[in-house]
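Walk through this model with the structure open beside the text.

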Amino acid sequence: MSKEIKLDDYAFLVSETDEKGKILFANDDFCEVSGFTIDELIGSPHNIVRHKDMPKAAFKSLWGTVKKGEIWTGYVKNATKDGDFYWVFATIFPTITSDGTKGFLSCRRKASDEEIATYTKIYKDLRAKEI
């Protein structure tokens, strides 16, 4: 049975991806919370931490927003390497990577218990409509 991992109040998870979502950078907080080493993350698709409870509509909104060059914010339930999960409030910025190509910078902080409760219900309802 998976359990929720609560982020530290000061945790700030940062990652950078290329235009297709392949991880180019991950900070120590992201590695620690996700349970993946930096070597496991670099070059992997960012959806390596996607939790099965996340509705497709949330990622459709995310990709639709950032591909237009706009900033996306929202709540995300992620999976750890060991099968546990954690919630974050994410802000994703379109950016130019160090090699001059388009990419995305994702900055994430701890979601509150109230935010988690709200989005657990919203996402459950959205997933039910997808079936």
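**From a serine to the salt bridges**

Leaving aside neighbours within four places in sequence, Ser34 is in contact with Leu41, Val49, Thr80, Lys81 and Tyr86; contact means heavy atoms within 4.5 Å. This is a predicted model: local features need pLDDT of at least 70, side-chain atom pairs count only at pLDDT 80 or more, and totals for chains, interfaces and linings use all residues. Residues are numbered from 1 along each chain as its sequence is written, and side-chain values use heavy atoms, with hydrogens and water left out.

Ser34 belongs to helix H1, residues 28–34. Helices (H or I, at least four residues) and strands (E, at least two) are DSSP runs numbered from the N terminus. Is Ser34 buried or exposed? Ser34 counts as buried because its relative accessibility is 0%. The cut-offs are under 20% relative accessible area for buried, over 50% for exposed, and partly exposed in between, with a 1.4 Å probe and protein chains only. The Ser34 side chain also reaches the backbone nitrogen of Phe36 at 3.3 Å.

Lys81 forms a salt bridge with Glu40, with the closest N and O atoms 2.5 Å apart. This pair links distant parts of the chain: Glu40 sits in helix H2 (residues 38–41), Lys81 in the loop between S3 and S4, 41 residues apart. A salt bridge here is a side-chain nitrogen of Lys or Arg within 4 Å of a carboxyl oxygen of Asp or Glu. Glu40 counts as partly exposed because its relative accessibility is 29%. Lys81 is also partly exposed, at 41%.

How many salt bridges does this rule give? The count is nine. Another joins the side chains of Glu4 and Lys6, at 3.7 Å from N to O. Glu4 is partly exposed at 30% relative accessibility, and Lys6 is partly exposed at 43%. Glu4 and Lys6 are linked with Asp113 in a network of salt bridges. Asp53 pairs with Lys52, the closest N and O atoms being 3.7 Å apart. Lys52 is exposed, with a relative accessible area of 70%.

Notes
A polar contact is a pair of N or O atoms within 3.5 Å; within protein, one must be able to donate a hydrogen and the other to accept it, and residues adjacent in sequence count only if both atoms are side-chain atoms.
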